[in-house]
Amino acid sequence: MEQWVWPPRYDETHRPPDGQTHWFPRRETMPAERRDELIAARIREVMAYAWDNAPFYRRKWDEAGIHPSSVRTLADFEKVPVVRKEELRADQAANEPFGSYLCVSPDEVKHINGTSGTTGRPTAFGIGERDWRSVANAHARVMWAMGIRPSDTVLIASPLSLYWGSWGAYTGAERLGARVFPFGAGTPGQTARTVRWMRQMGVTVFYGTPSYALHLAEVAADEGVDPASLGLRAMFFSGEPGASIPSTRSRIVEAFGAEVYDSGSMAEVAPWMNLAAAADEPGVLCWQDLVYTEVCDPAGHRRLPYGAEGTPVYTTLERTSQPMIRLLSGDLTRWEAPTAERGRTYPFLPRGIYGRIDDMFTIRGENIQPSAIDDVVMAVPGYGGEHRVVISRETAMDTLAVQVEYDPGQPESSLPGWAERISNRLRTVLGVGATVVPVRQHTFDRTEFKARRVIDNRELLRRMADEPLPGREP
Ligand code: 8LE
């Protein structure tokens, strides 16, 4: 039944009665301090395992003068050096195909996933059968907390390829006993077919990215289908900010009339639903007994007190094939102390993950997160469904422009005033002015996956300056 052992072992027949809100009541509701003691003990086991089986970790900790036996408390653990994604990539290049942090024999790898490789060499995830089962059990448990039940039909509406997101949702829904509909996303014409199939199959739960849900709503409307009539009861999301961003969230709720749950950390730390909402509200809980999350100072990587903003650092507590021990995310969040109020004694990230440190830009001394701009423009009546953020350099000063699609229902004569209202709102929220340019609806491509809305012309200018001119020696 309910157990928490190392290496992880699950009773595959366990499923609570429908009316029970917790899959594993003890693990989810124990006093947070008691859980932290158990986590410290589990970390010792996980580190000892990695030391014995992964040259990658042994080398790294050796260099830092750390041995698993010297890590007794969570305070000791803060001193363990973080792992960066570049290190994993380099280690895989040197130790094909899964890296020297693979802790099982290559024969035991039963599933392969990977990063999309948009930045540099893709990283392969080699997943042993035990890990696949742990992820299935963990995700079933988290999805149970979202109110998903065996009577549901769960649509997987994200790419069924290298992306762990889709497979993680798939395996969790399957373990929970729901009906899984792996429709995928990303092939031409697929979205209109998604709408038709959703209706025919009586889909009740949607999984995908927030951007894709909004695109799906537009396509449904174009097909003459009110998205709210599709009958979705719950929608859970991962992959990008949105489900915890107030205006994106309300656009989704208004379109579909469903409950909305945010979830997701990083593919590397699957079960990536370790950050997930357990109520129809913005924000996510840190399911600490699955993956131990520390919100850290981005420079020194020490844990920050509750209330602070920092970057999540993750440690898998149930992975045996490629354990991640203090993986640095580079994302941004703010965390709050556990309370009993939310029915689970986990720390809480009230605004979810709201961006990446690397995507933040600075205009006249103000640090700006793209998601803060999304939040403003998507809340504006007459918003036409997409926008782009353009950063340029004029003389010595960086400037910000936001191109915003307007709803065709708006008379053109009202557009200058409309743009000015958005601009004023942006100034209030961001602390700097922005030029707002209204553009026709469907000017910009929609995405089936994760949105990229920032165009950094400064970057373009820098690259052009660096590139040799044709016919001239570099
Ligand atoms: C805000 C978690 C998963 C499998 O859906 C995923 O997207 O993993 P992936 O492809 O490794 O990308 C991880 C990055 O996506 C994170 O570092 C973060 O920047 C972003 N991300 C994932 N889930 C969320 C998110 N950002 N809210 C989320 N719920």
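Trainee: Before we look at details, what is the mean pLDDT of the protein chain?

Mentor: Residues are numbered from 1 along each chain as its sequence is written. This is a predicted model, in which local features need pLDDT of at least 70, side-chain atom pairs count only at pLDDT 80 or more, and totals for chains, interfaces and linings use all residues. pLDDT is the predictor's confidence in each residue, from 0 to 100. In the protein chain, 97% of residues reach 70 or more, and the mean pLDDT is 95.

Trainee: Let's turn to helix 8. How far apart are its end C-alpha atoms?

Mentor: Helices (H or I, at least four residues) and strands (E, at least two) are DSSP runs, numbered from the N terminus. The expected span of a helix is 1.5 Å times one less than its number of residues. Helix 8 (residues 190-201) has 12 residues and should therefore span 16 Å; in agreement with this, its end C-alpha atoms are 16 Å apart.

Trainee: Which residues of helix 8 are buried?

Mentor: A residue counts as buried if 20 or more other C-beta atoms lie within 10 Å of its own, exposed if 12 or fewer, and partly exposed in between, with C-beta atoms placed from the backbone. The face turned away from the buried side of helix 8 carries the exposed residues R193, R196 and Q200. What covers the buried residues includes strand 3 (153-156) and helix 9 (210-222). Those buried residues are T191, T194, V195 and M198.

Trainee: And which residues have the most contacts inside the largest nonpolar core?

Mentor: A nonpolar core is a set of buried Ala, Val, Leu, Ile, Met, Phe, Trp, Tyr and Cys residues joined through C-beta atoms within 7 Å. The largest one has 105 residues, and its largest share, 8 residues, comes from helix 6 (residues 129-145). Leaving out residues up to four places away in sequence, L155 touches F181, F183, M198, V203, V205, F206 and Y207 (contact: C-beta atoms, placed from the backbone, within 7 Å). Those with the most contacts inside the core are V154, L155, M235 and A276.

Trainee: Is E96 buried or exposed?

Mentor: E96 sits in the loop between helix 5 (85-94) and strand 1 (109-114). A124 is 28 residues from E96 in sequence and 9.4 Å from it in space, C-alpha to C-alpha. With 8 other C-beta atoms within 10 Å, E96 is exposed.

Trainee: A124 belongs to strand 2. In that strand, what is the bridge partner of I112?

Mentor: Strand 2 (residues 124-128) is largely enclosed by the rest of the structure, because 5 of its 5 residues are buried. A124, G126 and G128 point one way, and F125 and I127 the other way. Strand 1 and strand 2 pair in the antiparallel sense over 5 bridges (two strands pair if DSSP finds at least two bridges between them). The bridge partner of I112 in strand 2 is G126.

Trainee: What about strand 10: which residue of strand 11 is the bridge partner of V295?

Mentor: In strand 10 (residues 291-296), 6 of 6 residues are buried. V291, T293 and V295 point one way from this strand, while Y292, E294 and C296 point the other way. Strand 10 pairs with strand 11 (residues 309-316) in the antiparallel sense over 6 bridges. The bridge partner of V295 in strand 11 is P312.

Terms used
Contact = placed C-beta atoms within 7 Å.
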